[in-house]
Amino acid sequence: MNKLSNFIEYATGILPQLFMGLSLTLRMTILSLFLALIIGVFSCMLTISKIKVLNVFSGIYLSLIRGTPLMVQAVFIYFAIPTVLKITIATFDAAVIVLCLNAGAYLSEIFRSGIMAVNKGQMEAARSLGLPYGVAMRKIVLPQAFRIVIPSIVNQFIITLKDTAILSTIGCGELMRQGNLIVSRNFRGFETYAIIGAMYYVVIVILTKVGQIIERRLANDKG
Amino acid sequence: MIKVKVQGLQKSFGDLEVLKGIDLEVKEGEVVCLIGPSGSGKSTFLRCLNRLEEISGGTVIVDDNDLTAKGSNINKIRENIGMVFQQFNLFPHLNALENIMLAPVDRKKMTKAKAREKAQTLLSTVGLEEKALEYPANLSGGQQQRVAIARALAMEPDIMLFDEPTSALDPEMVGEVLEVMKKLAADGMTMVVVTHEMGFAREVADRVIFMDGGYIVEEGTPEEVFGNPQNKRTQDFLNKVL
């Protein structure tokens, strides 16, 4: 009993700092995912374009992101590029740039797979009615592709949320970083990291549930 | 009046030449049925008539519009050519009514209310007025195909193309789709139909065209082609399917 009350007392003590970190984690995640969705759609358009040069651009982007670890990308953008260009960049900005470029690449491939998964006949039927390519894409193919990829998008959201922890490396004060700071002060690693793990877990479970609700609602729509 | 005029039409997929020079004219109100073994190029030919397949050589003129001419507005031309597919290709995220309304609202700038009214009328023409709010997944194959016909008709096309419209249907549903097509033919619609339904071709077609190996091998009235086929390949084919 003593141990438990001890733990609760400790937890209440560090929670304000952890919640500060969590709030930064969430802001980083939400902002970078928002940007990643835009980048992903854009990159996907380049990839499926019939113009070869555009394919090359997105091809290079995708292979660079997929071919290097997130941590390397992070230090490159936070340390390497600013040194060469003689600029400084805020950790939060660097973190968001890395995360959105990273998630954008994966979302781009997720979108592409969704579009490919829509039956070719859908595009043909739309075009045969006289709809131009862009309209057929927007009104017929994309809504169906979107339904198909929702689980993958939710999955990517979760991955990005967890990837924020890696960015503690560049000194961004998100949840993991706050934990590291606390532990370096008091060496109470077990309790601290357990609380942090639980916080990530709860957020991710909520996110998963929201994803399932959206998925179910869209499935119902379909009749 | 000539509705479709095809001259020397060629189509290749890479090295494979599927259509080797097709000439055909279809008059207004005429119903032309294309028959032939699989791989003969009938479906490819049909898909060249609205340029769903890019045309490799020759000319296709539909309603005085040259499909192969540079600068021709293919989207505008397609509005006037309805197409019905073997796999129906209804839009699964839209209900029957919305499937039919989509193109008139988007292309002809029809108001939603007016398009809805028109869609309802079309649905009753194909005998499905009570299915207006159903999604394709809840319709049988025959019902889906009838909605697909209504969807194509919503753009008020002058010409209708049918690409094996009953081949994916369970046998008991073939009749209801053919009934709708017969009604359409009786109303004077210009139709080009790729079909394996020899009974339909015999009864409804004004002209039957037998294709094989990328050529038109034989054409004539149903009586001529079915009753007294001249070409050996036509005879062989008809012997197998009749």
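## Chain A: fold and surface

Among contacts in chain A (heavy atoms within 4.5 Å) between residues at least 6 apart in sequence, 76% join residues at least 24 apart. The model is predicted: local features need pLDDT of at least 70, side-chain atom pairs count only at pLDDT 80 or more, while totals for chains, interfaces and linings use all residues. Residues are numbered from 1 along each chain as its sequence is written, chains are lettered from A and ligands numbered from 1 in the order in which they are written, and side-chain values use heavy atoms, with hydrogens and water left out.

Chain A has eight helices and zero strands. Helices (H or I, at least four residues) and strands (E, at least two) are DSSP runs, numbered from the N terminus. The C-alpha atoms of chain A fill a box of roughly 75 × 50 × 20 Å along the principal axes. Of the 223 residues in chain A, 44% are buried. Buried means under 20% relative accessible area, exposed over 50%, and partly exposed in between (1.4 Å probe, protein chains only).

The accessible surface of chain A is about 12000 Å². Carbon and sulfur atoms hold 71% of that surface. Accessible areas come from the Shrake-Rupley method with a 1.4 Å probe; for residues, only the protein chains shown count as cover.

## A nonpolar patch

A:Tyr201, A:Val202, A:Val205, A:Ile206, A:Val210 and A:Ile214 form a nonpolar surface patch, with about 550 Å² of accessible area together. Patch residues have over 30% relative accessible area and no salt bridge; like charges are joined within 9 Å, nonpolar side chains (Val, Leu, Ile, Met, Phe, Trp, Tyr) within 5 Å. A:Val205 lies in helix α8 (residues 189–221) of chain A. A:Val205 has a relative accessible area of 35%, so this residue counts as partly exposed.

## The A–B contact

Chain B and chain A bury about 2000 Å² between them, 59% of it on carbon and sulfur atoms. Buried area is the accessible area (1.4 Å probe) that two parts lose on being put together, summed over both. Chain B contributes 24 residues to the contact and chain A contributes 20.

Two salt bridges run between the chains. A salt bridge is a side-chain nitrogen of Lys or Arg within 4 Å of a carboxyl oxygen of Asp or Glu. A:Lys139 pairs with B:Asp106, the closest N and O atoms being 2.9 Å apart. A:Lys139 lies in helix α6 (residues 133–163) of chain A and B:Asp106 in helix α3 of chain B, so the pair joins two chains. A:Lys139 is partly exposed at 31% relative accessibility, whereas B:Asp106 is buried at 8%.

## Salt bridges within chain B

The whole structure holds 21 salt bridges over all chains. B:Arg146 and B:Glu176 meet in one, at 2.9 Å, N to O. B:Arg146 lies in helix α5 and B:Glu176 in helix α6 of chain B, so the pair ties together parts 30 residues apart in sequence. B:Arg146 is buried at 12% relative accessible area, and B:Glu176 is partly exposed at 25%.

B:Asp212 and B:Arg233 form another, at 3.4 Å, N to O. Strand β9 (residues 207–212) holds B:Asp212 and helix α9 (residues 232–241) holds B:Arg233, so this pair links parts of chain B that are 21 residues apart in sequence.

## A buried proline

B:Pro165 sits in the loop between β7 (159–163) and α6 (171–186) of chain B. B:Pro165 is buried, with a relative accessible area of 1%. Beyond neighbours within four places in sequence, B:Pro165 is in contact with B:Val84, B:Phe85, B:Gln145, B:Met181 and B:Val194.
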